[in-house]
Amino acid sequence: MTAVRETPPASRSAPDAGHEAADAGLEAVFEATLAADERVEPRDWMPDGYRATLIRQIAQHAHSEIIGMQPEANWITRAPSLRRKAILMAKVQDEAGHGLYLYSAAETLGASRDELLDKLHSGRQRYSSIFNYPTLTWADVGAIGWLVDGAAIINQVPLCRCSYGPYARAMVRICKEESFHQRQGFESLLALSQGTPEQHAMAQDAVDRWWWPSLMMFGPPDADSTHSAQSMAWKIKRHSNDELRQRFVDICVPQAEALGLTLPDPELRWNDERGHYDYGAIDWDEFQQVLRGNGPCNEQRLTRRRRAHDNGAWVREAASAYAAKHGPEER
Amino acid sequence: MSQGQLWEVFVRSRRGLSHTHVGSLHAPDAEMALRNARDLYTRRQEGVSIWVVPSTAVTASSPDEKDPFFAPAGDKPYRHPTFYEVPEGVRNL
Ligand SMILES: [Fe+2]
Ligand SMILES: [Fe+2]
């Protein structure tokens, strides 16, 4: 019996036959757990690749949540009413919470919080490209809620059934909270769309700028997606990028009509044969550029994050000094 | 700079129910852990009471010993009421 959080033994690479046989047995248990659609839990044996894939994905997801606070927080002080301001603060606070749930999930795999933050700050781990676009007007807050949170929900709902227990449980909590994010965005856009001609134009402009980057949130087309097949086999991923993207498009078209706004794609039309909307080609060069760090706000987002971390150092130091002074019986 | 030790968080969602594990967080001491837990896990009135426990204080059974450890209960179906046959017509048993 050992402490619950102790880093689980990595798969042993010792060449002796005994260990190999033991590993084969453990792998069989792991495969059987997946086959039965049961959850893998932190202290179970798991292949190194499964562990590494999950750490990478959960960390990137956590980083996206906390970096994602920035574009919207940009408008908290300038929200047009107290109601909108309270809503926006609650949403941004939720995103911080989502980041923390996810960092905790990554830690159950043996990653340390400090190490993950360090990798974010030094650019060795990524966050979603969508947050490298600027929020130019108040309508962008609405467009983000409707489109960006909307796309996130489509990506995240299947993750509630991900094979790794702590990740799946974090996603259940997150998905419950996300639904208000999308609705408040939709409501805010609707108010603008039905407002003055200037407000309507502002809403349309925001949707025009956020539509294509939102489609890119589902990742590269299936043909170019490098990790997909293995992640599907491990039941980390349940649907392909293109499948989820199509689902998003199909959901958004009628919602845009309800908003009285158009989506900036002349090729968007219902395809009776497929039972889906056809949509135009996505500019994957732009996606790659932003991924490489050349988006409009990459530099700004990371600088702000590093500064927030550095500015909080004295708080963390003071809190641990206080804890040390009051002895282990209180800790 | 360290984020403080890891704590496991348990929340009682309403009176009459037990505390349930909801996740974990970092904090330098118990008091901060409680405050952080309130902000992180009860933003929508999800609880009426919170426990925080240092993760290192939890002792867990090992998944490797799953079979032998839980085996003693495996061959004792007579611990369940469904094990027993009750003649037709007998009530309140
Ligand atoms: Fe979120
Ligand atoms: Fe959100």
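In the predicted model, His98(A) has a relative accessible area of 0% and is therefore buried, the limit for this class being under 20%. His98(A) lies in helix α4 (residues 82-107) of chain A together with Glu95(A); because the two are three residues apart, about one helical turn separates them. Glu95(A) is likewise buried, at a relative accessible area of 6%.

Both residues belong to the site of the iron ion (ligand 1). This ion is coordinated by His98(A) through ND1 and by Glu65(A), Glu95(A) and Glu178(A) through OE atoms, at 2.1 to 2.2 Å. Along the sequence, these donor residues follow the spacing E-x29-E-x2-H-x79-E. The angles among the four donor atoms run from 82 to 154°, and the site is irregular. A tetrahedral site would need all angles to lie between 85 and 135 degrees.

The donors of the iron ion (ligand 2) are Glu95(A) (OE), Asp149(A) (OD), Glu178(A) (OE) and His181(A) (ND1), at 2.0 to 2.2 Å. Their spacing along the chain is E-x53-D-x28-E-x2-H. Here the four donor atoms subtend angles of 83 to 167°, so this arrangement is irregular too.

Asp149(A) is part of helix α6 (residues 139-156) of chain A, whereas Glu178(A) is part of helix α7 (residues 165-193) of chain A; the pair therefore ties together parts that lie 29 residues apart in sequence. Asp149(A) counts as buried because its relative accessibility is 4%. Glu178(A), at 2% relative accessibility, counts as buried as well.

Chain B contains an open sheet of three strands, arranged in the order β2-β1-β3 with antiparallel pairing. Strands β2 (19-27) and β3 (49-54) of chain B stand at the edges; each has a single partner strand, so one side of each lacks a neighbour in the sheet. On average, neighbouring strands of this sheet are turned by 30° against each other, direction ignored. Strand β1 (residues 5-12) of chain B and β2(B) run antiparallel and are joined by eight bridges. Within this part of the sheet, Val9(B) is found opposite Gly23(B) of β2(B).

Definitions and conventions
Residues numbered from 1 in each chain as written. Chains lettered and ligands numbered in written order. Predicted model: local features only at pLDDT ≥ 70, side-chain atom pairs only at ≥ 80, totals over all residues. Heavy atoms only, no water. Donors = N, O, S within 2.8 Å, 3.2 Å for Na, K, Ca; no water. Tetrahedral: all angles 85-135°; square planar, octahedral: opposite > 155°, others 65-115°. Helix = DSSP H or I, 4+ residues; strand = E, 2+ residues; numbered from the N terminus. Buried < 20%, exposed > 50% of the residue type's maximum accessible area, 1.4 Å probe, protein only. Pairing = 2+ DSSP bridges. Axes fitted to C-alpha atoms, helices over the stretch in contact; angles between N-to-C directions.
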